[in-house]
Amino acid sequence: MESLAQRAALLRESLQKSQSVTDAVVSILGSFDSRLSVLDAAMRPIQVRTHAVRTAHENIDRTLRSADVILTQFDRTREAEREIQKGPHENLQGFLDAVDRLRSIERFFSSNRSYRSSDGVLNHVNALLSKALVKMEDEFQKQLSHLSKPIEPDRLFDCLPSTLRPSSESHPEGGKAGTHPENQQNLEAAVYSPPALIEPKFIPFLAKLAQQLVQAGCQQQCSEIYSEARSSALESSLKHLGVEKLSKDEVQKMPWEILESKIGNWIHFMRIAVKLLFAAERQLCDQVFECSKSLRDKCFAAITKNSLATLLSFGEAIAMSKRSPEKLFVLLDMYEIMCELQADIDTIFVGESCSQMRESALNLTKCLAQTAQKTFSDFEEAVEKDATKNIHTDGTVHPLTSYVINYVKFLFDYQSTLKQLFHEFKGEDGTGSELAAVTMSIMQALQNNLDAKAKQYKDPALMHIFLMNNIHYIVKSVRRSEAKDLLGDDWIQRHRRIVQQNANQYKRIAWSKVLQFLSGQGLTSSGGSGQVGSEGGNSSGASRAAVKERFRSFNVLFEEIYQKQCGWSVPDTELRESLRLAVAEILLPAYRSFLKRFGPLIENSKAPGKYVKHTPEQVESYSAAAMCTLPCLGA
């Protein structure tokens, strides 16, 4: 316990010492705090002065930097001003760089309006930009006027496919009006090379000027300058080519011979204008106004509007002119070229600005198709109602027949075009059924007219010769043309039978009376002496006087028929030979039989040659000579 008490006393003593030390440390620390407060109070003015100096330095640095930027902008402005004063002609790129610098300077001072010099600098920069725009507009106009020259016809012809280039010995506007289907595939695959309207090296120059003007908000001025220069050059190119500005009234009053030539030229002009000139203008517009699609469409429409209207106006005048059969083929030529160019027009005249022009071209195509269809109907009606009175006295092929057949042959040259026309405007299925129906209707109208004309012949035999000649001509022409496949074998066979029927009718009417004189019927006489003819032919009971009269009547009628038929014509060699053989088959056996049977009665009489005037060979020769432009009996 004593030991424990000692330890407790020691611990108490230590705690007392520790408290004394703690009190002493607290006293010392309190003294330090007082001293630091005094020191801090002494240092505060120095710290304030140091911060002020640092802030002043920072403000000076910032001011110097801003001044450097402003001074740089001033230097850039002076440099740009020197370039603007020179203008764009000498160094376009330097001029355009100067304009870009001025715009950059304008943006800088517009966003830093706190600078005291901002307003003054902005006024100066804007004045320079205005001057630059004026100079760019002037340069744009000057360059376009200088570079936009008409394209001469020879250059345009060199851009055509070789099959469409005019030959050196012919006028470039001459040649066939249209394009026949057999050449259509080659034309569709042909390569056209639009000419360079402006030398390629100048196009980037113009494009940069246009871009700057557009960026400056001068789209309207830029568009007007460009459109005026290019439209003038385009119209001059077409004028040099031969395109005329004709009113619809002038076109419709033109004589057909002149109009037909102008239609042929118009077809060439349309192809050259669309595939070469308009295509080249579109390409140039796209290059110069690459910066603005709407502007290039608008400019292209303004450039080509009048030129396209001039070309389409001529076509519309033809489509609305008085219809006549000879116009059908030029109408089909015109329809054909419009169909050929329709895809090009849709591609070249793209965009809302050109919508009216596309519609005008399509309307012309439809109008030509409708006029062609009406001309078909008119032609069919004209054929059936043709009232030509001057029929040929020889019964040969009538001019109307050859005209209609040639007309139909030409129609089949346009077979693919006609199928397209019927397909688009009548729902034709492309098999040619509508064309076949139209052709059959025309043929039937012709046949009806021929039937009416045949009735003008007073001689029934000649009437059948006329019908035989004409129907045979039709059948033969169809068999040798493309119409054969469309009309079909049934049609051909049916009309061949009509030819044969008319030939048979001719034989019956022309030769039946002659054959009656070669019959033994009515020649027996109870009081007459008989003779035995050669080869067993027995003339017993025949009256010599009656036989003489029969020979005399035969001679008179035969020679009368021969003389009359010498003025008739069967122009087709095969048909004429077939008819000769058919006549010979009925006439010669009858004549030989009659001559053998009753000839001996005449031979024993006085002047037998007066009655037996012709040998069988002569009868055959004379019957062959009929309708063959050979000398008549008395020649």
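I started with Glu-340 and its burial. Glu-340 is buried, at a relative accessible area of 14% (buried is under 20%, exposed over 50%, partly exposed in between, with a 1.4 Å probe and protein chains only). I placed Glu-340 in helix α11, residues 328-348 (helices are DSSP runs of H or I with at least four residues, strands are runs of E with at least two, both numbered from the N terminus). I then checked Arg-271 against Glu-340: they are 69 residues apart in sequence and 8.8 Å apart in space, C-alpha to C-alpha.

A note on the source. The model is predicted, local features need pLDDT of at least 70, side-chain atom pairs count only at pLDDT 80 or more, and totals for chains, interfaces and linings use all residues. Residues are numbered from 1 along each chain as its sequence is written, and side-chain values use heavy atoms, with hydrogens and water left out.

Next, the whole protein. I found 21 helices and zero strands. Of the 635 residues, 44% count as buried. The accessible surface is about 33400 Å², with 51% of it on carbon and sulfur atoms (Shrake-Rupley method, 1.4 Å probe; for residues, only the protein chains shown count as cover). Among contacts with a separation of 6 or more, 80% join residues 24 or more positions apart (contact means heavy atoms within 4.5 Å).

Then helix pairs. I looked up α18 (residues 489-517) and α20 (residues 573-603): the angle is about 25°, and the axes are 11 Å apart (axes are lines fitted to C-alpha atoms, for helices over the stretch in contact; angles run from 0 to 180 degrees between N-to-C directions). That makes α18 roughly parallel to α20 (under 35 degrees is roughly parallel, over 145 roughly antiparallel, 65 to 115 roughly perpendicular, the rest oblique). Their crossing is right-handed (the near helix is turned clockwise from the far one by less than a right angle). From α18, Tyr-506 and Trp-511 are among the contact residues, and from α20, Ile-586 and Phe-594 are among them. By class I noted 15 nonpolar, no polar and one charged residues (Ala, Val, Leu, Ile, Met, Phe, Trp, Tyr, Cys and Pro are nonpolar; Asp, Glu, Lys and Arg are charged; the others, Gly among them, are polar).

How do α15 and α16 cross? I read roughly 165° for α15 (residues 433-454) and α16 (residues 460-479), with axes that come within 9 Å. The two are therefore roughly antiparallel. This crossing is right-handed. Asp-451 and Lys-453 of α15 take part, and α16 brings residues including Phe-466 and Asn-470. The class tally is ten nonpolar, two polar and two charged residues.
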